[in-house]
Amino acid sequence: MPTTLTVNGTQHSVDLPDDVPLLWVLRDELGLTGTKYGCGVSSCGSCTVQIEGEAVRSCQIALADVWGPVTTIEGLGTPAAMHAVQAAWVAHDVAQCGYCQSGQIMQAAALLAENPAPSDDDIDAAMWGNLCRCGTYPRIRAAIHTAADALRREG
């Protein structure tokens, strides 16, 4: 029986088993490859997307358990109209290998939606489960502060 879900504002009908992880629905069925497979056990955060604004690990969410609209990195912003977090990532030259960055950005955007003025401790607490093998954590923290400032100026 097909399942209907909304991803990046577009409704999709997929005919897949209920236990298929959301990550595979996004990547293999919908072709949204910005969300990355990292560890497959929710330990690295590379597969982070948002469901109703909540940052979740898509490798651990079954299709049948998706409870609301999904936002992936492709739905956060565009190259011509970047989300403040994406713009800050570019300004701070955060990405090195880039593999974990979509998950990092989705987690940071969820943090700023909930806490528009996070402290360093707030950032560290929110981002602790998103691993970066390149060690860009200081730049990630700086970019989140820059994005928070930009979002406050936007009102």
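Helices (H or I, at least four residues) and strands (E, at least two) are DSSP runs, numbered from the N terminus. The model shown is predicted: local features need pLDDT of at least 70, side-chain atom pairs count only at pLDDT 80 or more, and totals for chains, interfaces and linings use all residues. Residues are numbered from 1 along each chain as its sequence is written, and side-chain values use heavy atoms, with hydrogens and water left out.

**Figure 1. Overall fold of the protein chain, with six helices and five strands.** In sequence order the elements follow the pattern β-β-α-β-β-β-α-α-α-α-α. The C-alpha trace spans about 45 × 35 × 25 Å along its principal axes. The radius of gyration, taken over C-alpha atoms, is compared with a globule rule of 2.2 Å times the number of residues to the power 0.38. For 155 residues a compact globule would have a value near 15 Å, and the 15 Å of the protein chain agrees with this. With contact meaning heavy atoms within 4.5 Å, residues 24 or more positions apart supply 56% of the contacts that have a separation of 6 or more.

Figure 2. Accessible areas come from the Shrake-Rupley method with a 1.4 Å probe, and for residues only the protein chains shown count as cover. The accessible surface is about 7,800 Å², and carbon and sulfur atoms hold 51% of this area. A residue is buried under 20% relative accessible area, exposed over 50%, and partly exposed in between (1.4 Å probe, protein chains only). On this basis 43% of the 155 residues count as buried. Lys and Arg count as positive and Asp and Glu as negative, while His and the chain ends are not counted. The place of each charge is NZ of Lys, CZ of Arg, CG of Asp or CD of Glu. There are 8 positive and 17 negative side chains, and the centres of the two sets lie 11 Å apart.

**Figure 3. Salt-bridge network of D120, D124 and R141.** Side chains of opposite charge can pair when their charged atoms come close. A salt bridge is a side-chain nitrogen of Lys or Arg within 4 Å of a carboxyl oxygen of Asp or Glu, and a search of the whole structure finds three. In one of them, the side chains of D120 and R141 meet with an N to O distance of 3.8 Å. This pair links distant parts of the chain, since D120 belongs to helix α5 (residues 120-127) and R141 to helix α6 (residues 137-154), 21 residues apart. R141 also meets D124 in a salt bridge of 2.8 Å, N to O. D124 lies in α5 and R141 in α6, so this pair ties together parts that are 17 residues apart in sequence. D120 is partly exposed at 35% relative accessible area, D124 is partly exposed at 35%, and R141 is partly exposed at 28%.

**Figure 4. Salt bridge between D149 and R152.** The closest N and O atoms of the two side chains are 2.2 Å apart. Both residues lie in helix α6, three residues apart, or about one turn of the helix. D149 is partly exposed, with a relative accessible area of 34%, and R152 is partly exposed at 44%.

**Figure 5. Helix α1 and the elements that cover its buried residues.** Within α1 (residues 22-29), the buried residues are L22, L23, V25 and L26. Their cover includes β1, β2 (10-14), β3 (48-51) and β5. Just after α1, G31 adopts a positive phi of about 70 degrees.

Figure 6. T72 counts as buried, at 0% relative accessibility. Residues up to four places away in sequence aside, T72 touches V7, N8, L26, L32, T35, V49 and M106. The C-alpha atoms of T72 and E29 are separated by 14 Å, with the two residues 43 apart along the chain.

Figure 7. T3 is buried, with a relative accessible area of 18%. Apart from neighbours within four places in sequence, T3 is in contact with H12, S13, V14, D18 and L63.
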